[in-house]
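Here are my notes on the model you asked me to look over.

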Amino acid sequence: MDHPEWGGVSVLESADPAAVPAPRAEPEPDSRWARALSGVGYRAPRRTAVDEQLVPPMPDGPGVTPERVAPSPLLARLGIRLPDALWAWLCRWSGWLGPIAVAAFAGVLRFVNLGGPHALIFDETYYAKDAYSLWQVGYETNWSDDANNLITGPNPTVPFRTDPAYIVHPPVGKWIIGLGEQIYGMNPFGWRFMMAVLGTLSVLMLARIGRRLFRSTLLGCVAGLLMSVDGLHFVLSRAAILDLIVMFFFLAAFGLLLIDRDRSRALVAARLEQGLGGEWWHLGWRPYRLAAGVSLGLMMGTKWSGGPAILAFLLLSAFWDSSARRLAGGIRRTPDGRPIGEGGRLLRHAWDFFWSGLTLGLTALATYLVTWTGWIMSSTQPGKGGYFRDWAVQNPGGFGPDWLRSLWHYHYTMWDFHTHLHSPHTYQSNPWSWMVLGRPVSFFYESPKNGQDGCTTSDCAREVLAIGTPLLWWAGIAALLYCLYRWLWRRDWRAAALLSGVAAGYLPWFMYQERTIFLFYAVCFVPFMVLAVTMMIGAMLGPADASPDRRLAGATGAGLLIAAIMWNFLYFYPIYTGQTIPMSDWNGRMWLSTWI
């Protein structure tokens with residue numbers, strides 16, 4: 001459906017040259033930074049009304065799409081004529097129908113044969129059993145050495161014990177994994193069920209977030225489709241490993257802050273219409289920002305790698321508030337119209353950062369503490385409660401309640417473990433190599449012989465390889481560079497938001513290059529990389545007022561890129577899912593020697 005007034009698609013017909021408007025005059029740069037950039041090609045964007053900048057409309061949906069919609073020219077060319085009422089309904093609800101369809105596609109991919117391989121693959125050997133313990137006694141326990149064989153054997157049994165185990169990750173992710181075990185039992189499908197659910201929901205969230213971010217249902221669905229066929233996201237949606245849960249809450253927090261941004265800027269626009277100016281300090285009730293704080297607390301309550309996201313989103317949200325005030329003139333003048341001095345501007349900036357930290361930071365911290373409730377409520381008798389739960393009892397004195405002192409000591413030992421983890425591992429990698437997929441992680445590998453597990457040749461391979469879809473990730477490098485250009489030269493807030501998400505999930509690992517780290521940690525910033533690729537695809541499609549030839553060329557290039565990425569996923573599908581394939585086929589998929 002065409003919405004040129006909202007940035008949608010329109011086709012320009014030939015016109016009388018006299019009727020064609022002259023090229024618009026480029027506005028003079030209005031800042032020292034813009035004037036400096038103008039020497040290297042910077043052009044100021046077209047100016048729009050303040051209210052449109054504060055509250056850009058969504059492309060369709062209830063309350064936006066009219067009751068009666070003109071028939072689609074594309075469907076007419078194909079000879080398809082839908083009833084007017086049905087077509088209007090489809091247009092009105094396309095913002096939900098499209099993302100749900102993409103999420104359904106992703107869900108089918110993730111749930112098919114979810115129980116295979118029938119084994120505890122890679123770190124499932126820790127998290128699946130820890131999750132079971134949490135739901136039984138509220139804290140993680142030790143397991144016998146033969147527990148894996150007993151759980152996955154022909155006559156499965158669960159050799160559960162109650163003595164506490166030393167664990168170095170917070171409990172949220174394991175509580176979530178354990179929910180699937182409570183529903184479907186202590187088996188591969190049970191401990192992977194919630195991962196597939198979160199993987200599917202994250203695709204739905206990304207499609208909706210992309211729609212809101214780019215003001216385009218089409219681009220939102222493209223983003224969801226691309227993440228549904230990313231190999232790393234796909235593999236981790238089918239394995240009981242914590243990093244996908246970290247990604248889920250990271251993405252949820254970003255989406256909630258995006259909604260909060262739209263709501264708060266709408267409030268600013270409404271107050272401008274009422275003539276209230278920029279005298280307010282409080283931008284109203286912010287339930288979505290508080291919900292984002294809860295999501296960030298749950299993210300950190302899954303893995304401490306969520307910590308940098310709290311700082312990044314705190315700053316991002318504060319900058320968004322300050323940007324709205326600046327755009328509305330709220331930091332420039334007092335209610336009676338007098339200019340505010342530099343001190344007043346700094347004071348209002350400081351208020352935005354303080355309020356963002358108070359709402360996001362404290363909410364995240366409080367949520368994180370709540371996630372330890374099971375450990376806190378366990379017994380303080382030695383060997384009867386969580387690991388180190390009795391530490392304060394054994395070491396009396398100090399400030400604060402016993403549970404807080406014990407928890408603080410436990411966190412100190414966890415920090416010491418994480419910062420001194422240098423044990424070499426076959427599949428460890430350096431973060432410099434992540435974007436080019438230098439060293440993926442083999443979660444599971446077997447070499448069946450002829451007649452075993454469906455092998456029909458002399459030698460076969462069966463592997464679950466945690467690696468991103470190569471063409472998507474390599475396109476992601478170009479897309480992130482494009483976002484960097486959009487931020488530095490065009491001051492595009494969307495590009496800055498995506499780069500902040502990638503930076504929060506990626507850059508902190510460069511401080512631990514000697515630590516044992518793995519490529520699958522990168523899944524937390526995959527949604528932001530996918531959104532960057534989608535933004536680049538939107539640029540390839542071209543603006544709404546581009547010529548038909550330009551639109552055709554852009555759509556062809558974008559379509560070929562998406563098709564190539566989907567083919568690449570299908571090509572690697574057998575080594576994402578542990579299918580038995582001839583060894584020659586397996587070798588053909590090892591594009592780099594470091595993948596073996």
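This is a predicted model: local features need pLDDT of at least 70, side-chain atom pairs count only at pLDDT 80 or more; totals for chains, interfaces and linings use all residues.

1. Setting aside neighbours within four places in sequence, Phe 388 touches Tyr 166, Trp 375, Ser 406, His 409, Tyr 410 and Thr 413. Take His 409 from that list: it is 21 residues from Phe 388 along the chain, and the two C-alpha atoms are 7.9 Å apart.

2. **Aromatic pairs.** How many aromatic pairs does a search of the whole structure find? The count is 55. One of them is Trp 143 with Phe 160, an edge-to-face pair with 6.0 Å between centres and 70° between planes. Trp 143 belongs to the loop between α5 (124–137) and α6 (147–152), and Phe 160 to the loop between α6 and α7 (172–184), so this pair ties together parts that are 17 residues apart in sequence. Trp 143 is buried, at 12% relative accessible area, whereas Phe 160 is partly exposed, at 27%.

3. **An aromatic cluster.** Have a look at the cluster that includes Phe 122, Trp 432, Trp 434, Phe 443, Trp 473 and Tyr 506.

4. **Charges over rings.** Arg 208 places its charged end over the ring of Trp 96, 3.9 Å from the ring centre. Arg 261 does likewise with Trp 320, here at 5.5 Å from the centre.

5. Where is the kink in α4 (residues 84–111) centred? It is centred on Ser 94, and the angle is about 75°. After α4 comes Asn 113, with a positive phi near 55°. Further on, the loop between α4 and α5 holds Pro 117, and the peptide bond from Gly 116 to Pro 117 is cis, with omega near -5°. Phe 122 has a positive phi, near 50°, and is buried at 17% relative accessibility.

6. **Another positive phi.** Worth checking by eye: most residues other than glycine have a negative phi, and most peptide bonds are trans. Leu 437 is a non-glycine residue with a positive phi, near 60°. Leu 437 lies in the loop between α17 (402–419) and β1 (441–446) and is buried, with a relative accessible area of 0%.

7. **Helix α7.** With 13 residues, α7 reaches 19 Å from first C-alpha to last, close to the expected 18 Å. Which of its residues are buried? They are Val 172, Gly 173, Lys 174, Ile 176, Ile 177, Gly 178, Gly 180 and Glu 181. The cover over these buried residues includes α5, α8 (188–214), α11 (243–273) and α12 (287–300). Gly 185 follows α7, with a positive phi near 95°.

8. **Helix α21.** This helix (residues 548–577) has 30 residues and spans 42 Å between its first and last C-alpha atoms, close to the expected 44 Å. There is a bend of about 40° at Tyr 571, with Pro 574 following within four residues. After α21 comes Gly 578, whose phi is positive, near 75°.

9. **Cysteines.** The structure holds one disulfide. It joins Cys 455 to Cys 460, with 2.0 Å from S to S. The link is right-handed, at 80° about the S-S bond, and both Cys 455 and Cys 460 are buried. If you are looking at other cysteines, Cys 91 is buried at 6% relative accessible area, and Cys 221 counts as buried at 15%.

Conventions. Residues are numbered from 1 along each chain as its sequence is written. Side-chain values use heavy atoms; hydrogens and water are left out. Rings of Phe, Tyr and Trp (its six-membered ring) pair if their centres lie within 6.5 Å; planes under 30 degrees apart count as stacked, over 60 as edge-to-face and the rest as tilted. Helices (H or I, at least four residues) and strands (E, at least two) are DSSP runs, numbered from the N terminus. Buried means under 20% relative accessible area, exposed over 50%, partly exposed in between (1.4 Å probe, protein chains only). A charge sits over a ring if NZ of Lys or CZ of Arg is within 6 Å of the ring centre and within 35 degrees of the ring normal. The bend at a residue is the angle between axes fitted to the seven residues ending there and the seven starting there. The expected span of a helix is 1.5 Å times one less than its number of residues. Contact means heavy atoms within 4.5 Å. A disulfide is a pair of cysteine sulfur atoms within 2.5 Å.
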